[in-house]
Amino acid sequence: MANQAKQPVSMPDAFVILFFVMVLAALASHLIPAGSFDVIEVAAPTDSAVKTKSRIDPGSFTLATDSSAGVPLFAEGGGVGFLNYAFEGMVSGNKWGSAVGVIAFILLTGGAFGIIMKTGAIHNGILALIEKTKQLEFVFIPLLFVLFSLGGAIFGMGEEAIAFCIVLLPLMLALGYDAITTVLVTYIATQIGFATSWMNPFNVAIAQGIAEIPLLSGADLRLVMWLVFTLFGVIFTMHYAARIKRDPESSLSFESDQQLRSQQQQQAVNSYSAIDSVILLAFFAGLIWIIWGVTTRQYYIPEIASQFFTIGIVVAVIAVVGKRLRVNDAAEGFKQGASELLPAALIVGMAKGIVLLLGGDNPETPSVLNTLLYYSGQALGDLPAYLSAWLMLVIQSVFNFFVASGSGQAALTMPLIAPLADMVGLSRQIAVLAFQLGDGLTNCIIPTSAALIGCLGVVRVDWTIWLKFVWKLQLWLFALASIFMLVAVAIGYQ
């Protein structure tokens, strides 16, 4: 019998990995007792009046006495059981966030861009742009990275990067880069800015408010930190992009990139023409509308998804009137665009099931998460200051796997970590620094981040492929974060 060729060992699919994480979460719900905190109302003076804010009472932790703790194999009546995690995860939350809001956002924007890509205008326009701007290519990546890092630092860009990944992917591929470069200059840049921000209202300001220190204080070190991290990100990305341009086949996403390139070439059946100009003008007018909404009207997932859907409709009308597409072609483009992003949407929903199996992230409801947080915090009490500060960073990094929301993690962890900082002789500013670094930087790798999975989905990169690439970058970022934590202790950061 002829020897059969050995099949190469491959990483398990993201859905497989997610399933076994669910198994561990379900087992943890039976092995670790659930606990809860009391929430108290604390006066919060403002310019006009005294308002109250809800805060966790760190000394109120109690273990649940319910003997039926642990998730069942299957739950009835809309409950959460191990075999219910997929459905319950996908319908959890609301339209403003994970999971159901992000799922709808991914599918609608994917469908809208399916129409736009079907017209071929993006591809035709990119080829024309490259021909006229060949000499400016060297500033393209650093400029994009700095802009997206500023977006993360100033107003907390995250989910918004999904749309920009869709927009920039065809251009990156045409310039000889890959899908991973697209994620680096958009999503990774936003998270570096998010993690090192001096003024982000969604993580720094909230955490400082809970820790009862002046809002937006300590900006000097954070500005230096943002510059260092952003410079590192630019250098890392440019080095990687140059390597991919020299040797495209070295890219982990080469196969999927080639498929996308061939699709673009098939869609570009015409040379650049007037109808392309009209479509692209409408498209960029729509992007300006979106940027205006985000920056001046605080538009978020519901509005941005609807804006992209509107752009898709407008482009479809122009393409049909201009005889570039038929009506059914536009509908087919929408369906194809949405279907290509369906795996990413499913992972976003299923990943939310991890938190649900552990009891949820409500501090007043008994959960395994509350127990893990409480005892992790207590373990810091008797350690040296430098080690305690570093372990704060580790705890926040690990906890972000379960609560990927910056504001949610701040509300859950800071009431415990801030008093612990007092106990070990650290400033509460250092506790906030550990939170923002641990929260923001791990968003670059965790599969429970809806924004990361959304970005990977729209550029057709599986999370397991991304993991093979990003682990080294993650170690570098964690090393830089650790250095800044030690520096903060050494200078008595306030």
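Visitor: Are Asp276 and Arg324 buried or exposed?

Guide: Asp276 is buried, and Arg324 is buried as well, where buried stands for under 20% relative accessible area, exposed for over 50%, and partly exposed for what lies in between, with a 1.4 Å probe and protein chains only. The model is predicted, so local features need a pLDDT of at least 70 and side-chain atom pairs count only at pLDDT 80 or more, whereas totals for chains, interfaces and linings use all residues. Residues are numbered from 1 along each chain as its sequence is written, and side-chain values use heavy atoms, with hydrogens and water left out.

The side chains of these two residues, Asp276 and Arg324, meet in a salt bridge at 2.9 Å, N to O; the term requires a side-chain nitrogen of Lys or Arg within 4 Å of a carboxyl oxygen of Asp or Glu. Because Asp276 belongs to helix α11 (residues 274–296) and Arg324 to the loop between α12 and α13 (327–340), the pair ties together parts that are 48 residues apart in sequence. Helices here are DSSP runs of H or I with at least four residues, numbered from the N terminus.

Asp329 forms a salt bridge with Arg326, with 3.3 Å between the closest N and O atoms, and Arg326 is exposed, at a relative accessible area of 59%. Glu332 forms a salt bridge with Lys335, the closest N and O atoms being 3.7 Å apart; both residues lie in helix α13, 3 residues apart, which is about one turn of the helix. Glu332 itself is partly exposed, with a relative accessible area of 38%.

Together with Phe309, Val317 and Val321, Ile313 makes a nonpolar surface patch of about 370 Å². Such patches take residues with over 30% relative accessible area and no salt bridge, joining nonpolar side chains (Val, Leu, Ile, Met, Phe, Trp, Tyr) within 5 Å and like charges within 9 Å; the areas come from the Shrake-Rupley method with a 1.4 Å probe.

The structure holds 22 aromatic pairs, a pair being rings of Phe, Tyr or Trp (its six-membered ring) with centres within 6.5 Å, counted as stacked when the planes are under 30 degrees apart, edge-to-face when over 60, and tilted otherwise. In one of them, the ring centres of Phe113 and Phe308 are 5.3 Å apart and the planes stand at 45°, so the pair is tilted. Since Phe113 lies in helix α3 (residues 100–119) and Phe308 in helix α12, this contact ties together parts that are 195 residues apart in sequence. Phe113 counts as buried at 4% relative accessibility, and Phe308 is buried too, with a relative accessible area of 2%.

A further aromatic grouping consists of Phe232, Phe236, Tyr240, Trp466, Phe469 and Trp476, which form one cluster.

Methods:
Helices (H or I, at least four residues) and strands (E, at least two) are DSSP runs, numbered from the N terminus.
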